[in-house]
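The following note sets out some remarks on a pocket and on the nonpolar cores of this protein. Please read the points beside the sequence and the structure.

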Amino acid sequence: MVDSGGGGSWRDAYKGMSSDNVKGLVLALSSSLFIGASFIVKKKGLKKAGASGLRAGSGGYSYLLEPLWWIGMITMIVGEIANFAAYAFAPAILVTPLGALSIIISASLAHIMLHEKLHTFGILGCALCIVGSVTIVLHAPQERDIESVLEVWNLATEPAFLFYAAGVVGAAILLIVQFIPLYGQSHVMVYIGVCSLIGSLSVMSVKALGIALKLTFSGTNQLGYPQTWVFTAIVLMCVITQMNYLNKALDTFNTAVVSPIYYVMFTSLTILASVIMFKDWDGQNGTQIMTELCGFVTILSGTFLLHTTTDMVDGEPKGNLPSESHLLLRLPKISEDSKGFVQDGIILSLRRQESAKSPRPARQIKQQEEDLEAAVPLRRQESSSRV
C-alpha cells in the first residue's frame with residue numbers, strides 16, 4: 001500500500017494557485033506578447049531613422065521623429081502596463097521569469113520580419129524557456145498579504161534591501177561613467193548591465209506602486225501617503241534610464257542577442273531583489289525553492305541556446321570563421337579605422353589570421369582576401385551616402 005502520509009504532505013506542499021496569482025499570470029502572458037512584438041517594431045524604426053540621421057547607438061535621437069518607432073514604443077507601453085498590473089497581483093518570482101515568452105516572440109518575429117536567422121537549436125531554446133516557465137508557474141509562492149503601502153515602505157527600508165539598492169545604484173553609475181564611453185559600442189553587456197541593474201529597482205517600485213493603486217481601487221486610499229509618490233518618482237526615473245540604454249543596445253547589437261541577455265540579467269537581479277525585499281521564499285520549503293530554481297535554470301539554458309546560435313545557419317556560423325558569430329556579439333555593427341575605411345568590426349584582419357591556420361588552398365585564400373579588400377571602399381561609399 002502507498003503511504004497516505006506521503007501523498008498528504010505533497011498535497012499540503014502544493015496548494016494550487018490563488019486567484020490573485022492567476023490574474024497575475026494572465027497579465028504577465030499578455031505583457032510578454034506585446035513586449036516581444038515591440039522589440040521588432042522599434043528595431044525597424046531605429047534602422048529606418050538611422051538611415052537618414054545619427055544612429056541612437058552613436059548618441060542620436062532621430063528615432064524620436066520616426067512614426068514606426070513610436071508604434072513600437074506604444075506597443076511596449078501597453079505591455080509594460082499589463083506587466084505593471086501583474087506585479088500588483090502576483091510575486092515577482094512568478095511574473096518576471098515569464099518574460100522568457102517575450103524572447104520567444106521576439107526571436108520568432110526577428111526571424112520573419114528582420115531576417116535574423118533562428119537556428120534549430122534556437123527553437124530548442126524556445127522550448128526550454130516554455131518548460132522552465134511552466135515549472136515556475138506551478139511552484140511559485142503565493143502573493144504576500146499587504147494592507148498598506150506603509151508595509152511596503154518598511155520592507156524597502158530594511159538594512160538588507162538598502163544595502164542592495166546602494167550597490168545597484170553604485171554599479172550603474174560606474175558603468176555609465178567609466179565603461180560606456182570605452183566599451184559601449186563593442187560590448188553588449190555594458191548597455192544591458194545598466195538596464196538590468198536599474199530594472200531590478202524599478203520592478204520593486206512598480207510592485208509597491210501597483211499594490212498602492214490596487215488597495216486604492218478596492219476602497220483603501222493610499223494616495224495620501226507620501227511613500228506612494230516616492231515610489232512613483234523612482235519608477236519614472238528608472239524607466240526613463242532603462243529605455244534610454246535599451247534603445248542604444250537595440251540599435252548597436254542584434255535584436256535576438258539583446259533580448260535573451262537582457263532577460264537573463266534582468267530576471268536574475270529582479271528575483272534577487274524580490275527575495276531580499278519581499279522575502280518570497282520565507283513561506284516555502286526547500287523542495288519548492290529548488291524546483292523554482294531548476295525552472296529558472298531551464299529558462300537560462302534556453303536563452304543561452306538562443307544566444308549562442310543566433311548567427312548560425314545549418315550548424316555553422318555565418319562566414320568562414322568558427323568563432324566569428326561570437327566575436328560579432330562584442331563588436332559594433334559598423335566601425336571606422338584610422339584610414340577612414342569602414343569595416344564590419346575586425347573581420348578582415350581576423351580572416352587573414354585564420355587563413356594562416358587553414359588547410360584551404362593558397363589560391364582560394366588569396367581570392368577571398370582580395371574580395372574582402374575590394375568590399376571596403378564600397379562600404380565606405382554606403383556609409384558616406386547614409387550621412
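1. Helices, as named here, are DSSP runs of at least four residues, numbered from the N terminus. The model is a predicted one. With that numbering, H3 gives the most to the lining of the second largest pocket, namely nine residues.

2. The second largest pocket holds about 870 Å³ of space. Its lining comprises 38 residues, and those nearest the centre are Ile35, Glu80, Asn83, Gln242 and Met243. Two or more lining residues come from each of helix H2 (19-50), helix H3 (67-89), helix H5 (100-113), helix H9 (188-217), helix H10 (226-252) and helix H11 (255-278).

3. In class, the lining of this second largest pocket has 26 nonpolar, eleven polar and one charged residues. Domain 1 (19-116) and domain 2 (142-282) each supply at least three residues to the lining.

4. The largest nonpolar core has 65 residues, of which Val152, Phe161, Met204, Leu246, Val258, Met277 and Phe278 touch the most other members. Elements giving two or more residues to this core include helix H7 (149-156) and helix H8 (159-183). H9 gives the most to this core, with 16 residues. At least three residues of this core come from each of domain 1 (19-116) and domain 2 (142-282).

5. Apart from neighbours within four places in sequence, Met204 is in contact with Ala92, Phe161, Thr270, Ala273, Ser274, Met277 and Phe278.

6. There is also a second, separate core of 14 residues, among them Leu101, Tyr263, Phe296 and Leu306.

Notes:
Residues are numbered from 1 along each chain as its sequence is written. This is a predicted model: local features need pLDDT of at least 70, side-chain atom pairs count only at pLDDT 80 or more; totals for chains, interfaces and linings use all residues. Side-chain values use heavy atoms; hydrogens and water are left out. On a 1 Å grid over the protein atoms alone, a cavity is a set of points where a 1.4 Å probe fits but cannot get out, and a pocket is an open set with protein on both sides within 12 Å along at least five of seven lines; lining residues have an atom within 4 Å of a point. Grid points are joined across faces, edges and corners, and a volume is the space filled by probe spheres set on the points. Ala, Val, Leu, Ile, Met, Phe, Trp, Tyr, Cys and Pro count as nonpolar, Asp, Glu, Lys and Arg as charged, and the others, Gly among them, as polar. Domain bounds come from an automatic or database domain assignment. A nonpolar core is a set of buried Ala, Val, Leu, Ile, Met, Phe, Trp, Tyr and Cys residues joined through side-chain atoms within 4.5 Å. Buried means under 20% relative accessible area, exposed over 50%, partly exposed in between (1.4 Å probe, protein chains only). Contact means heavy atoms within 4.5 Å.
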